[in-house]
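Trainee: Hi! Could we walk through this one together before I set anything up?
Mentor: Happy to, let's bring it up.

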Amino acid sequence: MAVQASVRSYLGIAKEVTRGTAVAATDFIPVAKDSLKPADIIDPLYDQGLRGSNVLNYNYIPGRKRSTVDYGGAVFADTIGYALAGILGSVATTGSSAPFTHTISLRNSTTSNVDVQPISYTLTDFYAANVRQYPGCQFSDFSLRFNADGMLEYDTKTTGFSSSVVTPDPTPSFSTVLPTPVWRGTVSIGGSAVTTAMTGNIDMTRPVTPIYGISNTQDPYQVFLGALEVTGKITFIMENDTELTRFLTNTQPAIVLNWAYGAGASAVQIQATLTKGAYTAAVIERGEDFVQVTVDINAQSNTTDAGSTGGFSPIKWVLQNAKASGTYA
């Protein structure tokens, strides 16, 4: 046995054919070392039957199982698509060769007896001492963070079935796409380019519930995602009252954050569109040498941001990369 270095770790991912049935990793995601946090969770059951002694617990019985896998880091324009598709569910891909364009939006249906849950994934964690697979993973939280001085970054959370050791070790293969510097992006609000946005975040969250049935297994019957909410925050250089006025007058402007660069088959894009970006707060700040204004955003659902499955959605993403149709969902 030998002590293992944390930096030897890597994370693999693959979409599942059957929810909760593990599959071998087909792609690998570069993640920040401190962000990768897999955990098996076992709900405790205690025997507290009175036995005439001044104690509470007599026996511990393992209860229901599930797992969580959190990860994040710099945004790569190809592998970020798994988390986006995992929380939203609808992916429409166009193009016959690289670069392909993937429009990712909320999966909806008005037809009865149709599964509108996003696809599930198997995450594979190589932690040098061993390799574990986490099947049935559903993405429930995604946060995109941007700072004018740094990299575009994200955090995401999944909930799935309990893990198991897998052999043989995977053979990882990583794409040559580079992480995205924030300065390459553009911001449009209300249809006009804005150059005063400095920092911010866009957060997508869905309640996640492991549903258990009685079927001689500790794992869930299904990991279920609830309704989507999209919120955010942007800090602007305050040269005038424009952003404050949007809040005071309930303008609900369209907000488009777009990172697109490269040419030909190497062109990449990461674009978020919030067609109804309601400002729910605006605070004038003087913490720096210059005045700033920070606005809170709650994206309202609309038909423009809905994808090919129709209905309403508060956000739509567009990715451009070399990943072919069928990669994410």
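Mentor: One term before we start: helices and strands here are DSSP runs, a strand being E over at least two residues, numbered from the N terminus. Also keep in mind that this is a predicted model.

Trainee: Got it. Which strand is Phe126 in?
Mentor: Phe126 belongs to strand β7, which covers residues 121-126.

Trainee: Is Phe126 buried or exposed?
Mentor: Buried, because its relative accessible area is 7% and the cut-off for buried is under 20%.

Trainee: And what does Phe126 touch, leaving aside neighbours within four places in sequence?
Mentor: Arg8, Ser9, Tyr10, Val131 and Asp169 are in contact with Phe126. For a distance, take Lys37: it lies 89 residues from Phe126 along the chain, and their C-alpha atoms are 12 Å apart.

Trainee: Let's zoom out. How many helices and strands does the chain have?
Mentor: The chain has two helices and 21 strands.

Trainee: What about the radius of gyration?
Mentor: The chain has 22 Å, which agrees with a compact globule, because 329 residues would give a value near 20 Å. Along the principal axes, the C-alpha atoms fill a box of roughly 70 × 55 × 50 Å.

Trainee: What share of the residues is buried?
Mentor: Buried residues account for 43% of the 329. On contacts, if you take those between residues at least 6 apart in sequence, 68% join residues at least 24 apart.

Trainee: Now the helix α1, how many of its residues are buried?
Mentor: Nine of nine, so the helix at residues 80-88 is mostly covered. Among them are Ile80, Tyr82, Leu84 and Leu88. After α1 comes Gly89, with a positive phi near 105°.

Trainee: What about the largest nonpolar core, which members touch the most others?
Mentor: That core has 58 residues, and the ones touching the most other members are Tyr71, Leu88, Phe142, Met204, Leu274, Ile315 and Trp317. Helix α1 gives the most to this core, with seven residues. There is also a second, separate core of six residues, which includes Tyr10, Phe126, Ala128 and Val166.

Trainee: Why would nonpolar side chains be gathered like that?
Mentor: In soluble globular proteins, nonpolar side chains tend to be buried together.

Trainee: Which residues does Trp317 contact, leaving aside neighbours within four places in sequence?
Mentor: The list includes Leu84 and Leu88, along with Phe142, Leu144, Met204 and Ile270.

Trainee: Changing topic: where is Asn201, and is it buried or exposed?
Mentor: Asn201 is in strand β13, residues 197-205. It counts as buried because its relative accessibility is 18%, and the limit is under 20%.

Trainee: What does the side chain of Asn201 make a polar contact with?
Mentor: With the side chain of Asp203, at 3.0 Å. Not counting residues up to four places away in sequence, Asn201 also touches several residues, including Ser143, Leu144, Phe146, Thr231 and Lys233.

Trainee: Last one, Asp219. Where is it?
Mentor: Asp219 sits in the loop between β14 (208-211) and β15 (222-225).

Trainee: Great, thanks!

Notes. Residues are numbered from 1 along each chain as its sequence is written. This is a predicted model: local features need pLDDT of at least 70, side-chain atom pairs count only at pLDDT 80 or more; totals for chains, interfaces and linings use all residues. Side-chain values use heavy atoms; hydrogens and water are left out. Helices (H or I, at least four residues) and strands (E, at least two) are DSSP runs, numbered from the N terminus. Buried means under 20% relative accessible area, exposed over 50%, partly exposed in between (1.4 Å probe, protein chains only). A polar contact is a pair of N or O atoms within 3.5 Å; within protein, one must be able to donate a hydrogen and the other to accept it, and residues adjacent in sequence count only if both atoms are side-chain atoms. Contact means heavy atoms within 4.5 Å. A nonpolar core is a set of buried Ala, Val, Leu, Ile, Met, Phe, Trp, Tyr and Cys residues joined through side-chain atoms within 4.5 Å. The radius of gyration is taken over C-alpha atoms; the globule rule is 2.2 Å times the number of residues to the power 0.38.
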